[in-house]
Amino acid sequence: MNKYDLVLFDLDGTIANSDEMVVRSFQELYRLYGDGRELTREECYYFSGPTLDKSFAKLFPNGDFDLLFKEFYRISKPLYEEVIVPYPHSKEVLLDFKKRGIKLGIITNKKHDMSVYCLQIIGLLDLFDIVVGYEDVKERKPAPDGILLAMDKFHIKDKSRVLYVGDNPSDIETGHNADVDMCFTAWGPRKFNLSLLPKYTIYDYLELKEIVIDEN
């Protein structure tokens, strides 16, 4: 029996292991336009999750954002095929969800076209029924707009039948704002002091299967 009819996911750090891409891209961008020092890997890990404009505001408070966006995409896109991979057991678990009739979606602060490209690279695009990028909604996460858009698309009104899965405190806040259950993926290198607590915390996709499917 399915506990949820709709399972929605953040992308970077949740579906796609893009940490190496994030590190290399921000290090190169800062080398070109920063203050001369080198960003550490630890610093770069925390740029996965916030929107690019927030990260740019922190790193380049007086920077030309139009230029920075163009340069970030120029630097990062070639790295997708080189370093981005899916998380272990993700495909088998998502396939099982699909076979059981569960609708699957991506709700991300990433650009729509780059989200689709990322999913194509890791071979999971066909498993998702909807992809919501930052330009597809009026308000980006942690606003609930993306989750509500997906619920509307699939005519799901019962919020207790919706689960959102993400790896960042803003994802927990997003689930909270949408009033749906939230599952926090704790397998990444980022360490957080959480002000809001998720309903579930997992360390492997097989644990997600136990949450979504009631085998009894």
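Helices and strands are named here as DSSP runs, numbered from the N terminus, and the model shown in these close-up views is a predicted one.

View 1. Proline 142 lies in the loop that runs between β5 (130–132) and α7 (145–153). The peptide bond that joins lysine 141 to proline 142 is cis, with an omega of about 15°.

**View 2. Helix α3 and its surroundings.** In helix α3, which spans residues 52–59, the buried residues are Leu52, Ser55, Phe56 and Leu59. Seen down the axis of α3, these buried residues fall within an arc of 100°, so they line one face of the helix. Lys54 and Lys58, on the other side of α3, are exposed. The cover over the buried residues of α3 includes α1 (19–33) and α4 (65–83).

View 3. Leucine 67 belongs to helix α4, and with a relative accessible area of 34% leucine 67 is partly exposed.

**View 4. Histidine 155, a non-glycine residue with positive phi.** Although histidine 155 is not a glycine, its phi is positive, at about 55°. Histidine 155 is placed in the loop between α7 and β6 (162–166), where its relative accessible area of 70% makes it exposed.

**View 5. Aspartate 179, in the loop between α8 and β7.** Aspartate 179, found between α8 (169–178) and β7 (181–185), has a positive phi of about 60° although it is not a glycine. Its relative accessibility is 56%, so aspartate 179 counts as exposed, the cut-off for exposed being over 50%.

Terms used: Residues numbered from 1 in each chain as written. Predicted model: local features only at pLDDT ≥ 70, side-chain atom pairs only at ≥ 80, totals over all residues. Heavy atoms only, no water. Buried < 20%, exposed > 50% of the residue type's maximum accessible area, 1.4 Å probe, protein only. Helix = DSSP H or I, 4+ residues; strand = E, 2+ residues; numbered from the N terminus. Arc of directions from axis to C-beta. Contact = heavy atoms within 4.5 Å.
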